[in-house]
Amino acid sequence: MFCDDIQSIIGSSLVNLSCNYIGLKSDPKKGVYLYEVRFNPSVDSIYLRMKYLNEHSKQFGGIKTFDGTTLYLPIMLEKELTTFISKGRSNEDIEIRILFKKRESLKNCIQLYNILFDRIMKTLNYVKFDRKQFDPSRPKVIPTAKLEVWPGYVTAVDEYDGGLMLCCDVSHRLLCQKTVLDMLIEIYQHCKANYQDKAKKYLIGSVIITRYNNRTYRIDDICFSQNPHSEFETRTGFCSYIDYYKNNHNITIKDGKQPLLISLKQSRKNDTSNKGNVRFCLIPELCYLTGLHDEIRADKKLMREIATVTNVTPNNRMLALDKYFKNVTENDEAREILENWGLSLHKNYHNIVGRKIDSVQIYFGKHSIAAGHNAEFSKDAVRNELLEVINLNSWVLIYHKNDLKAAKSFLHNMKNCSDVFGMNICKPNVIILEHDRIDAYVDALRRNICTKTQIVVCICPTSRDDRYSVIKKICCSEIPVASQVIHMNMVNSV
């Protein structure tokens, strides 16, 4: 009924649409069965709980999800209580009791299904940033800025009117081709005096990626007192970072004097044997910044170039969705993860009927224009008289005596702009202050605001929070009236 009303008022036509949802079919012979797992004697470490349970995984099918206490299986075991025996570190018997609780309903399996799709993306060698997954094998390079854009997806499983569905949308991640060490060198060359403070201010809080294992970290600190020659303790003794990367990753660190990047990650909450944060020390020459930084956002030309890569047309979105569907269904390992839990993807995202609203008219004071296909009329909005105008008949302008030129410029621009809109602005009640003190503004406001005043404009020589707060307090609470505070740099930019 609502759509019919819109059609009759505005005018619209039926159109076939596609959406970014992929159907999920579930096998009625399989489900998600919840079990509670207990250990006797008690085992605190999650690592050991998983280790002991994995020793018997073949006896319950091998397919499971276990968080240390709750076990999810795609099949129901023969007995409600199943018991296994494992050997502890001191060769003592560890009894594992698996107690059936219930078969989960579909709405309670959403979190599990989202975990399964995280596993699927990992088998496809995608790199995870928060909830998004990106493909490092197909970067789009922006050579002028030494940047590259990784294409990827953000996925989420949920239950809808049409059943279980996977929402899949296109996403992108920006990576810098320069290493963090390159950036530290640039910062040092520009500011040697307080180089360490500048480096921390620029880098702390940034997200980086290590290309040798495609893992992401957040920079929490920079340790200038250590370098790659420093040693840390391992299971086999002490080892320098240079030797560690050479032996474990076959990477030769070139700069032995660079500082170390510190990243803190919270350990698993349920693991009582390892509370607190885990400290990672990373080598700057092996790390690359990700995401948009302030200097990139400030470069409008570069942002437009990035937009040509990241702004995806509807047709390209559908091609990306087709590619995702193909990657999952044609990859044996990914398809097996779904089949083990009785799931399969169903290509059904081309079957939606919507309405396309016809172009509408935008009415101004003297004529109207068509909004057009893109509904873009911003240029016309600043060139035509308004449909309904409120004239400015009584208003107050307050400024310091040294800002007379700025006040005249402001009034001149106000007159030019208002004439286009068909708006009449009368001369204001001008208050010229002898002193740039807060009490001068307060006294001027209290003396000159009356019931007929429509707005108060204050031109201030500088930006000061205390003065601004006082002006707004009077105009909002004490003598309610519309108010605008303008700083001199704002006037000069007009």
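Author: Two strands are said to pair if DSSP finds at least two bridges between them. In this predicted model, strand E18, covering residues 260-266, is joined to E19 by 6 bridges, and the two run antiparallel. Within this pair, Gln266 stands opposite Asn277 in E19.

The pair belongs to an open sheet of 3 strands, whose order is E15-E18-E19 and whose pairing is antiparallel. The edges are held by strand E15 (221-223) and strand E19 (277-282); each has a single partner strand, so one side of each is left without a neighbour in the sheet. On average, neighbouring strands of this sheet are turned by 35 degrees against each other, direction ignored.

Helix H10 spans residues 332-340, and its residues Ala334, Ile337 and Leu338 are buried, where buried means under 20% relative accessible area. Around the axis these residues cover an arc of only 95 degrees, which puts them on the same side of H10. The buried residues of H10 are covered by elements including helix H3 (110-123), helix H9 (314-330) and strand E21 (343-346).

The two ends of the helix complete the description. At the start of H10, the backbone nitrogen of Glu333 has a side-chain oxygen of Asn331 within 3.1 Å. Just after H10, Gly342 adopts a positive phi of about 75 degrees.

Key. Residues numbered from 1 in each chain as written. Predicted model: local features only at pLDDT ≥ 70, side-chain atom pairs only at ≥ 80, totals over all residues. Heavy atoms only, no water. Helix = DSSP H or I, 4+ residues; strand = E, 2+ residues; numbered from the N terminus. Axes fitted to C-alpha atoms, helices over the stretch in contact; angles between N-to-C directions. Buried < 20%, exposed > 50% of the residue type's maximum accessible area, 1.4 Å probe, protein only. Arc of directions from axis to C-beta. Contact = heavy atoms within 4.5 Å. Polar contact = N/O pair within 3.5 Å; in protein donor to acceptor, adjacent residues only side chain to side chain.
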